[in-house]
Amino acid sequence: MIVAMQDRATEEEIQAVVERMMEIGFNVHRTTGTVQTILAGVGTPGAFDHKEFEVLAGVAEVIRISSPYKLAGRSFRPEGTVVRFPNGVRVGGDEVIVMAGPCSVESREQIFACAGLVKAAGAKFLRGGAFKPRSSPYSFQGLGLDALRLLREAGDAHGLLIVSEVMEISQIEQMMPFVDLFQVGARNMQNFNLLRELGDVRRPVLLKRGIAATIEELLLSAEYLLAGGNYDVILCERGIRTFETYTRNTMDISAIPVVKKLSHLPIVGDPSHGTGRRDKVPAMARATIAAGGDGLLIEVHPNPDKALSDGAQSLFPEQFAELMDALRIIAPAVGRTLQPS
Ligand code: PEP
Ligand code: MN
């Protein structure tokens, strides 16, 4: 149940509603938008008549939520969520945000070269895997903690935020000093224990759609994070597995407007994993922004042919710069901005 308070509701009125919701057995999540306070009751309350809330002082509207996700639904924050980062970067605002870098951190030289080139083209985040979820145990597994140190150093040197994948609970503490945004990979979208732990931290999470997950399942996974009190969640469409084999995955661009309608959470697109083929990445990146995506996660490598993972889908530096120029033309056409580099 969502209780939307009147614009001028007093703190006492809000508290009285919160108390009544708790008496019934709800866990109450509160969000204050630009005009009104919204109270979301989640959990399994005892029997009650929601009309009772309509007549409480200061209440504007009571909405019964039929979808299984409550906090991830748009009615919790009708105006949309903006995830704010320490240096003033905002995901979900007017500006389209690009996160770019190699699939994996491979060496000091490689990650510094990447940081320099993605920054010069206008990216705001440096991405790079430290713990890699690889289909084969014989493939490169990532440099672990060393990679995190290098990422932070390279990011700080170039004024970039850091996003990197967390694969298990024990890595959360270890990663805290090094990442601004925890990436939960497609394979872990339904690792509910990991999601619960990340719900407890106060650091934003980039939640990627599972390879065979429906949009509802994606939003339910986000719900785990929100229910824990971590409201700083960014969703990521990275392609799903279909019967098509020409591309590595099928980039579900339609998920973007669907999520925008169903949820208040920002959503970015990952056309690198979405297509698996470098020559298809720019088109799907442009489509992501045209469809209303809040940003992009893109693999770029100074020398993709030598990459230790995902070289075939990593852009050459010039391709990335060219793509960013194209996005600067598309963004204003759909009411967004992308700063000049
Ligand atoms: C990645 O971003 O490198 C990655 C492994 O992504 P996904 O979880 O979407 O496969
Ligand atoms: Mn990758």
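## Exercises: a metal site and a helix face

His273 and Glu299 are both buried (under 20% relative accessible area; exposed is over 50%, partly exposed in between; 1.4 Å probe, protein chains only). This is a predicted model, where local features need pLDDT of at least 70, side-chain atom pairs count only at pLDDT 80 or more, and totals for chains, interfaces and linings use all residues. Residues are numbered from 1 along each chain as written, chains are lettered from A and ligands numbered from 1 in written order, and side-chain values use heavy atoms, leaving out hydrogens and water.

**Exercise 1.** Find the protein donors of the manganese ion (ligand 2).

*Solution.*
- Pick N, O and S atoms within 2.8 Å of the metal (3.2 Å for Na, K and Ca); water isn't among the atoms, so sites may look incomplete.
- That gives Cys103 (SG), His273 (NE2), Glu299 (OE) and Asp310 (OD), at 2.0 to 2.4 Å.
- Now place two of them: His273 sits in helix α9 (residues 271-275) and Glu299 in strand β14 (residues 295-299), so this pair ties together parts 26 residues apart in sequence. Helices (H or I, at least four residues) and strands (E, at least two) are DSSP runs, numbered from the N terminus.

**Exercise 2.** Work out which residues of helix α6 (residues 192-200) are buried, and what they pack against.

*Solution.*
- The buried ones are Leu194, Leu195, Leu198 and Gly199.
- Down the axis of α6 they fall within an arc of 145 degrees (directions from the helix axis to the C-beta atoms), so they line one face.
- Turned away from that side are the exposed Asn193, Arg196 and Asp200.
- The buried residues pack (heavy atoms within 4.5 Å) against α5 (170-175), β10 (181-184), β11 (205-208) and α7 (215-227).
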